Amino acid sequence: MIRVGIIGCGRISDLHAQAYLEHPEAVITAVCDPVAENRDTRGAAWGVAGQARHADYRDLLARDDVDMVEILVPHHLHAQVALDAMDAGKHVSLQKPMSTSLADADAMIARAAGRDVVFKVFENFVFYPPVQRAKELVEAGEIGEIRGIRLKSNPGWSPTAWEVPAAASAWRIDPEQCGGGPLVFDDGHHKFAIAWHFLGLADRVHAFIGTSYDGLIDAPSLVSWTHPDGAVGSLEVVHSPELKLDTVHYAQDDRVEITGTKGVIWVTRGHGRMLNVAPVVLHRDGVTTGYDDMPTGWETSFIRSGRHFVDALLNGTPPALTGEQGREVLAFALAAQESARTGRAATPVRAPAER
Ligand SMILES: NC(=O)c1ccc[n+]([C@@H]2O[C@H](COP(=O)([O-])OP(=O)(O)OC[C@H]3O[C@@H](n4cnc5c(N)ncnc54)[C@H](O)[C@@H]3O)[C@@H](O)[C@H]2O)c1
């Protein structure tokens, strides 16, 4: 049995908890949040006893009945909480981005190795069933060699979207706490992770990061990059305030197009769904095929990612993402920030051992 402590009981914790509540070999034994309502409401819903709901994460880390922690706090707190958890001998699942700086990322990777704990950076998009199916199709050679990947983030509005508390938006629009803007850095992590998942780390990144709503939103934006094998990628972020979307999570549509030497794959949804087509579409040999035999609820990506970590701990297999992999995605995202600042292409900074 893996005994889980959840640190940070905010918006996204509901989907993380689902993974552990559904896993026959996991149990949530403790929670922590300085906001009493968050830790009590969610702790009670997840079956956590009152005395195991803490305001200070160090009290949770001192517990003997916690094997691993799920860290779901604002980005500027990630590194310190993770380092303290590792020092307490806990395995760590840390939400993306692993930190706001590569120095912090390197410190966490080193600390996890030194303390002999397993360290996972939680990136759910690579566990989203349509993305997993696209990966299977690529690995089966259906589109030949990938030459380009195109990603689109398109936030709008939705009457069915879940409620995002003001507190969850407040730290995201402060670059000191978030590490960058809410769309290109925070949400962008998922898109850089998808590109990395299919093509590895980019070697040159160029970004135009726009602003709207008095600088609160980092869109419209365009990031483009190259990979060492010559493949190219791009991320376009456009905010459409009057675009009505179908979702029960964030009011945003995500789309991916992967072009190979002999075919093209589209992943047509993410948080939201806009196109009335199959979640994965393949075109090859002049034939277009839609694949709809998979779950498409966005929560599935969290359940699969959480389940994967419990299984990794039980079986002694590596988690996805490892700390080193999470660092690559962070370097990718930070290169976009640097390029937008300097107006020049930036090279993602590789780990010290790889330089
Ligand atoms: N994978 C995804 O798709 C996805 C989606 C949303 C959020 N996230 C990530 O999840 C994390 C949390 O995001 P959120 O949207 O739930 O934010 P949120 O603001 O709703 O929740 C953060 C929670 O952390 C608590 N907190 C603050 N300081 C703390 C501390 N010192 N100790 C313990 N708890 C503390 C806050 O009170 C709050 O309840 C971030 O890393 C974010 O990037 C990922």
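**Entry 1: ligand contacts**

I began with D186, where a side-chain N or O atom lies 3.4 Å from an oxygen atom of the ligand. I note at the outset that the model is predicted. I then looked up R172 and found an N or O atom of its side chain at 3.0 Å from an oxygen atom of the ligand. For D33, the entry reads 2.5 Å between a polar side-chain atom and a ligand oxygen atom. I next looked up the area: the ligand taken alone exposes 840 Å², and the protein buries 90% of that.

**Entry 2: the shell around the ligand**

I recorded 28 residues surrounding the ligand. The closest of them are R11, D33, N38, H75 and N124.

I sorted the shell by class and noted 15 nonpolar residues, eight polar ones and five charged ones.

Which helices each supply at least two residues of the shell? I found helix 4 (75-87) and helix 9 (182-199). Helix 4 gives the most, with three residues.

I also checked the domains. Domain 1 (2-123 + 301-320) and domain 2 (126-296) each contribute at least three residues to the shell around the ligand.

**Entry 3: annotated spans**

I consulted UniProt, where an unreviewed entry lists residues 2-121 as "domain: Gfo/Idh/MocA-like oxidoreductase N-terminal". In the model, I found this span of residues 2-121 to be 43% helix and 22% strand, with its end C-alpha atoms 18 Å apart.

The unreviewed UniProt entry also carries the annotation "domain: GFO/IDH/MocA-like oxidoreductase", covering residues 131-265. For residues 131-265 I noted 27% helix and 30% strand, and a distance of 10 Å between the end C-alpha atoms.

**Entry 4: aromatic pairs**

I recorded eight aromatic pairs in the structure.

**Entry 5: backbone geometry**

I kept in mind that most peptide bonds are trans and that most residues other than glycine have a negative phi. Against that background I logged the following sites.

- K96 and P97 are joined by a cis peptide bond, with omega about -25 degrees. I located P97 in the loop between strand 5 (91-95) and helix 5 (102-115).
- A320 and L321 are likewise joined by a cis peptide bond, with omega about 0 degrees. I located L321 in the loop between helix 10 (299-315) and helix 11 (323-342).
- D116 is not a glycine, yet I read a positive phi of about 60 degrees for it. I placed D116 in the loop between helix 5 and strand 6 (119-122).

Definitions and conventions
Residues are numbered from 1 along each chain as its sequence is written. This is a predicted model: local features need pLDDT of at least 70, side-chain atom pairs count only at pLDDT 80 or more; totals for chains, interfaces and linings use all residues. Side-chain values use heavy atoms; hydrogens and water are left out. A residue is near a molecule or strand if one of its heavy atoms lies within 4 Å of it. A polar contact is a pair of N or O atoms within 3.5 Å; within protein, one must be able to donate a hydrogen and the other to accept it, and residues adjacent in sequence count only if both atoms are side-chain atoms. Accessible areas come from the Shrake-Rupley method with a 1.4 Å probe; for residues, only the protein chains shown count as cover. Helices (H or I, at least four residues) and strands (E, at least two) are DSSP runs, numbered from the N terminus. Ala, Val, Leu, Ile, Met, Phe, Trp, Tyr, Cys and Pro count as nonpolar, Asp, Glu, Lys and Arg as charged, and the others, Gly among them, as polar. Domain bounds come from an automatic or database domain assignment. UniProt positions are given in the numbering used here, feature names are shortened, and annotations may be inferred rather than shown by experiment. Rings of Phe, Tyr and Trp (its six-membered ring) pair if their centres lie within 6.5 Å; planes under 30 degrees apart count as stacked, over 60 as edge-to-face and the rest as tilted.
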